[in-house]
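Please keep the sequence and the structure in view while reading.

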Amino acid sequence: EGKSPLYQMVGRLFLEEIPHPFVHRFYRERLREVHACEITASALSQVTEHVGGIPYYFQKLGVSLEREITLHNKKKITTANVERAFTSLLEELSGDFQERWETRFTGQQRAILKVLSSGPMSVTEVARLLEISPANISYNLSRQTEAMILTKEDGRYRITDRVFSTWLKEL
């Protein structure tokens, strides 16, 4: 403690997701300019439904789509292409998610996350599904919100990372 040159010099900063219209524009322009390829409106909606505006995810998904364009000489990206790319992304990230799942969370935190993977819920709804008192999970919900694992909006909690949430649904 205190011996590291960066001790207390680094903080956590939460960056909001990039708004979906900007993600859509990025995809359209990138695919058109680099690959002379179009992407359907429904495919763009599916991209942001799956990965939101999280740059790491939408770039990784885009690389997978670009690989498909190059390998199969595609001129148009459809929802089927996005689904295949997203499935591939989940498979690629599965090892990291599994390691995080097994080592980073307590049993109760895992139970809470598993329940929340089906969608946003209030403390009472989560407690009812876990068949425990809301008072018994409030601390873990607060801790996971502070750690940016969960987001609280309008009295309801949701898993912040939508790709991790999708992985949990399939677990």
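## Thr48 and its contacts

Once neighbours within four places in sequence are set aside, Thr48 is in contact with His20, Val23, His24 and Arg162. The model shown here is predicted, and in it Thr48 belongs to helix α2, which covers residues 41–51. Is Thr48 buried or exposed? With a relative accessible area of 3%, Thr48 is buried, because it falls under the 20% limit that is used for that class.

## Helix α1 and its buried side

Helix α1 covers residues 20–35, a run of 16 residues, and its first and last C-alpha atoms lie 22 Å apart, close to the 22 Å expected at 1.5 Å a residue. Within α1, the residues Val23, His24, Tyr27, Leu31 and His35 are buried. An α-helix has 3.6 residues a turn, so residues three or four places apart point the same way.

The buried residues of α1 pack against β1 (38–39), α2, α3 and β2, while Pro21 and Glu33, on the other side of α1, are exposed. Just after the helix, Ala36 takes a positive phi of about 50 degrees.

## Tyr27 and the nonpolar core

Which residues have the most contacts inside the largest nonpolar core? That core has 42 residues, and those with the most contacts inside it are Tyr27, Val51, Ile77, Leu113, Leu116 and Phe164. Helix α4, residues 79–104, supplies the largest share of this core, namely 8 residues.

Tyr27, which is one of the buried residues of α1, touches Ile39, Leu44, Val47, Phe58, Leu61, Gly62 and Leu65 when residues up to four places away in sequence are not counted.

## Two loop residues with positive phi

Asn73 is found in the loop between α3 (55–72) and β2 (76–77), and although it is not a glycine, Asn73 has a positive phi of about 50 degrees. The relative accessible area of Asn73 is 58%, and it is therefore classed as exposed, the limit for that class being over 50%.

Met148 lies in the loop between α7 (135–146) and β3 (150–153). Its phi is near 65 degrees, again a positive value in a residue other than glycine. At 29% relative accessibility, Met148 counts as partly exposed, because that class takes in values between the limits for buried and exposed.

## The chain as a whole

The protein has 8 helices and 4 strands, and from the N terminus on its elements run α-β-α-α-β-α-α-α-α-β-β-α. Taken along the principal axes, the C-alpha atoms fill a box of roughly 55 × 45 × 30 Å. Among the contacts with a separation of 6 or more, 68% are accounted for by residues 24 or more positions apart.

How much of the protein counts as buried? Of its 171 residues, 39% fall into that class. The accessible surface comes to about 10,400 Å², and 52% of this surface belongs to carbon and sulfur atoms.

Note on methods
Residues are numbered from 1 along each chain as its sequence is written. This is a predicted model: local features need pLDDT of at least 70, side-chain atom pairs count only at pLDDT 80 or more; totals for chains, interfaces and linings use all residues. Side-chain values use heavy atoms; hydrogens and water are left out. A nonpolar core is a set of buried Ala, Val, Leu, Ile, Met, Phe, Trp, Tyr and Cys residues joined through side-chain atoms within 4.5 Å. Buried means under 20% relative accessible area, exposed over 50%, partly exposed in between (1.4 Å probe, protein chains only). Contact means heavy atoms within 4.5 Å. The expected span of a helix is 1.5 Å times one less than its number of residues. Accessible areas come from the Shrake-Rupley method with a 1.4 Å probe; for residues, only the protein chains shown count as cover.
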